[in-house]
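Visitor: I would like to learn how to read a few features of a model. Please take them one at a time.

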Amino acid sequence: MLVLSRKKGESIWLGDQIEITVSEIKGDQVRIAINAPKNVTILRGELIKEVSESNAEAVKIDGFMDFLKNEKK
């Protein structure tokens, strides 16, 4: 993992098409602006984790439902 320090208005480039700019700093919160092509998916890390956990729970429920169906036979 690369860790960089940036000040308000400074940016970081990922490759030659994605620019991440620090647009605002308020206390312990940092607002960033992301300039990327429309075909690049941008998701917040906590959303990916939440969806992943939700999917894992759904698989457990599906597996349990399959177990119950097989027990009835």
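Visitor: Which residues form a nonpolar patch on the surface?

Guide: Some ground rules come before that. This is a predicted model, in which local features need pLDDT of at least 70 and side-chain atom pairs count only at pLDDT 80 or more, while totals for chains, interfaces and linings use all residues. Residues are numbered from 1 along each chain as its sequence is written, and side-chain values use heavy atoms, with hydrogens and water left out.

Guide: Patches are made of residues with over 30% relative accessible area and no salt bridge; like charges are joined within 9 Å, and nonpolar side chains (Val, Leu, Ile, Met, Phe, Trp, Tyr) within 5 Å. A salt bridge is a side-chain nitrogen of Lys or Arg within 4 Å of a carboxyl oxygen of Asp or Glu. Accessible areas come from the Shrake-Rupley method with a 1.4 Å probe; for residues, only the protein chains shown count as cover. Here the nonpolar patch consists of I25, V30, I32, I34 and I42, with about 430 Å² of accessible area together.

Visitor: Which strand gives the most to the nonpolar patch?

Guide: Helices (H or I, at least four residues) and strands (E, at least two) are DSSP runs, numbered from the N terminus. Strand 3, residues 29-35, gives the most, with three residues. I34 lies in strand 3. The chain as a whole has one helix and three strands, in the order β-β-β-α along the sequence.

Visitor: What is the nearest side chain of opposite charge to E19?

Guide: For charge, Lys and Arg count as positive and Asp and Glu as negative; His and the chain ends are not counted. E19 sits in strand 2 (residues 18-26). E19 is buried yet has no salt bridge, and the nearest side chain of opposite charge, R6, is 9.3 Å away.

Visitor: Which residues is E19 in contact with, leaving aside its neighbours within four places in sequence?

Guide: Contact means heavy atoms within 4.5 Å. With those neighbours within four places left aside, E19 is in contact with S11, I12, W13, A33, I34 and N35.

Conventions:
Buried < 20%, exposed > 50% of the residue type's maximum accessible area, 1.4 Å probe, protein only.
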